[in-house]
Amino acid sequence: MATPHDFQPVEEIKEALQNNNQALANEKIQEYLDRQNNTPLNIAITGETGSGKSTFINRVRGIKVRDARYAPTGVKECTKVPAPYTHPNYSNVTLWDLPGVGTTNFPADQYLELVGFEKFDFFIIISETRFRENDVKLAREIQRMKKKFYFVRSKIDNDLRAEKLSESEFSEAEIKEQIKEDCIQCLQEQGIQSPQVFLVSSFELHLHDFSLFTETLERELPEHKRSALLFAMPNISQEIINKKKEAFQAKIKWYAALSAAAAAVPVPGLSAGVDAALLVNVVKQYAVSFGLDVPSLENLAKSTGMPFKDLTAIITSPLAAIEITVEHIVKVLTQCASTAALMAAEEGSRFIPIIGIPAAMALSFTTTYRMLNFILDKLANDAQKVFEKALDCNTTE
């Protein structure tokens, strides 16, 4: 659905097409896609020392120990100034590790000004136990500045493990409900109305409230920021994978329009070359976001203890678990009979007087549209299978 943020460029594209100005339309489409793919998202993470801020940042970004991009963790305050940690695959998404509120250098009443609150899209306030007075002061200030904030009760796995050892009759659901109720009641008693509290384990993002947390963030963000958040999230549920697929599908018509624009140039072979290069770029985005590129699969194999070859054995798409090149794309295109026929028809039609170029453009649009949908379906299906395999490995350990 178009948003106020999207409305102007989309209308400009339509106007250029109506005026038969294909060059301008092509330029506007590319600008629109670049804006969609590079929308900045700045997420502030704050909380007391030892609350698990840095671990949360590392796990959400999929960064392991000994990686140079790893946010330092420990029981001592590691963050002296706001520290930006860019997502490894999405440079437009940054998680900021903020110093603990209420310290000498960052008193609660000056905290937001000192950390530069204006640049943040929302705040996550993390605590490993109860939320403290300084957390509440910060929440009130954030609210006064008309920014969004969310409470994350971290290390819930530790609480559940301790309760399981101490109780003969253990109910995980009841324990979690009680912990959440205690947090909410504590915050309400300190003047926070309708606080949103999420129970999270950074080491088990597929469990507890993390999926609900991401759904809430996505729903409450401005729409033009939602894709930035969604694509940067780890694939910890089938719902996230499906939402990523839907977001990618919404862009296919614009990539197909770029393909059609290339077909308007009466140079033999140019359209096919442009299509292949365009597809390489788009399919790389699909593979990375679905965690089907080689580095992502290697990280998953290490974190689950599952052999890399076992993960790749269930993958059926020829464009997963490889370095995607033009040669790979061309091979896939030519192996699909219907696509090969459309490509041949496009090249032949451009030599037909008067109607040749419009026909070639229509065929190019159709070829790219069908091919991207086909590739996206295959990769999304593989992402679901890899997720289920990894989940099965985690639950059987």
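These questions and answers set values from a predicted model against the definitions behind them.

In this predicted model, local features need pLDDT of at least 70 and side-chain atom pairs count only at pLDDT 80 or more, while totals for chains, interfaces and linings use all residues. Residues are numbered from 1 along each chain as its sequence is written, and side-chain values use heavy atoms, with hydrogens and water left out.

Q: Why is cysteine 183 called buried?
A: Buried means under 20% relative accessible area, exposed over 50%, and partly exposed in between (1.4 Å probe, protein chains only). Cysteine 183 has a relative accessible area of 4%, so it is buried.

Q: What makes cysteine 186 count as buried or exposed?
A: Its relative accessibility is 11%, so cysteine 186 counts as buried.

Q: What makes a set of residues a nonpolar core?
A: The set consists of buried Ala, Val, Leu, Ile, Met, Phe, Trp, Tyr and Cys residues joined through side-chain atoms within 4.5 Å. The largest such core here has 74 residues, and Tyr286 and Phe290 have the most contacts inside it. Apart from this core lies another, of 29 residues, including Leu98 and Val115.

Q: Which residues does tyrosine 286 contact, leaving aside neighbours within four places in sequence?
A: With contact meaning heavy atoms within 4.5 Å, tyrosine 286 touches Phe248, Ile252, Leu372, Ile375, Leu376 and Leu379.
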